[in-house]
Amino acid sequence: MINVFLPQFCGRELRNYAAGESNESFVYPAHWSAEMQFYAFYNDCGGVYMGIHDAKASMKTFNLNTTKGIAELIPHFPAIGASLKGNSFSLGGYARWEYIEKDWYDATEIYKSFVHSQAKWLPQK
């Protein structure tokens, strides 16, 4: 059994999600699709946090595919001016994978730490 935490709205937990087949895409940042840049996959033995720590909150999409107990998450980063000759592109941020001991709450703590220490979109204190 694999449970999945999706970054929709304030967070959405799908229990035993990978048991069936699913292909979904999520756009970040978008209030109807993905409001955060991370996912979590877990069961009773622990799990994994998978996040993109992009302090500038650049546009990206996540494709989530599940089948027969296997979940696959594929991030895509559209390049600005991708069709222009000689264009170069640097990804904003970095990917972070981390073991979590329990569930979605542990994952949110990792993302919260990133947001409060690096995010450029928060108001100045």
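Me: What should I know before we start?
Reply: Residues are numbered from 1 along each chain as its sequence is written, and side-chain values use heavy atoms, with hydrogens and water left out. This is a predicted model, where local features need pLDDT of at least 70 and side-chain atom pairs count only at pLDDT 80 or more, while totals for chains, interfaces and linings use all residues.

Me: How many helices and strands are there in the protein?
Reply: There are eight strands and one helix. Both kinds are DSSP runs numbered from the N terminus: a helix is H or I with at least four residues, and a strand is E with at least two. Reading along the sequence, you get β-β-β-β-β-β-β-β-α.

Me: Why is Phe5 called buried?
Reply: Buried means under 20% relative accessible area, exposed means over 50%, and partly exposed is in between, using a 1.4 Å probe and protein chains only. Phe5 has 3% relative accessibility, so Phe5 counts as buried. Across the 125 residues of the protein, 38% count as buried.

Me: And why is Trp104 called partly exposed?
Reply: Trp104 has 33% relative accessibility, so Trp104 goes in the partly exposed group.

Me: How many aromatic pairs does the structure hold?
Reply: Nine. One of them is Phe5 with Trp104, a stacked pair.

Me: What makes the pair of Phe5 and Trp104 stacked?
Reply: A pair of aromatic rings is described by the distance of the centres and the angle of the planes. Rings of Phe, Tyr and Trp (its six-membered ring) pair if their centres lie within 6.5 Å; planes under 30 degrees apart count as stacked, over 60 as edge-to-face and the rest as tilted. Phe5 and Trp104 are 6.2 Å centre to centre with 15 degrees between the planes, so they meet the cut-offs for a stacked pair. This pair also links distant parts of the chain: Phe5 is in strand E1 (residues 3–6), Trp104 is in helix H1 (residues 104–118), and they are 99 residues apart.

Me: Which residues do ring pairs link into a cluster?
Reply: Phe5, Phe38, Tyr49, Trp104, Tyr105, Tyr111, Phe114 and Trp121.

Me: Why is Pro7 called buried?
Reply: Pro7 has a relative accessible area of 0%, so Pro7 counts as buried. You'll find Pro7 in the loop between E1 and strand E2 (12–14).

Me: What does Pro7 touch?
Reply: Contact means heavy atoms within 4.5 Å. Leaving out residues up to four places away in sequence, Pro7 touches Ser33, Ala34, Glu35, Met36, Phe38 and Tyr39.

Me: Where is Phe9, and why is Phe9 called partly exposed?
Reply: Phe9 sits in the loop between E1 and E2. With 48% relative accessibility, Phe9 counts as partly exposed. Phe9 also has a positive phi of about 55 degrees although it is not a glycine.

Me: What about Asn16: why is Asn16 partly exposed?
Reply: Asn16 has 36% relative accessibility, so Asn16 counts as partly exposed. Asn16 lies in the loop between E2 and E3, and its phi is positive too, at about 50 degrees, although Asn16 is not a glycine.

Me: Why is His31 called exposed?
Reply: His31 comes in at 59% relative accessibility, so His31 counts as exposed. His31 is in the loop between E3 and E4. That loop, between strand E3 (22–28) and strand E4 (38–43), also holds Pro29, and the peptide bond from Tyr28 to Pro29 is cis, with omega near -5 degrees.

Me: Why is Gly93 called partly exposed?
Reply: Gly93 has 42% relative accessibility, so Gly93 counts as partly exposed. Its place is in the loop between strand E7 (70–76) and strand E8 (94–100). Gly93 touches His53 and Asp54, again not counting residues up to four places away in sequence.
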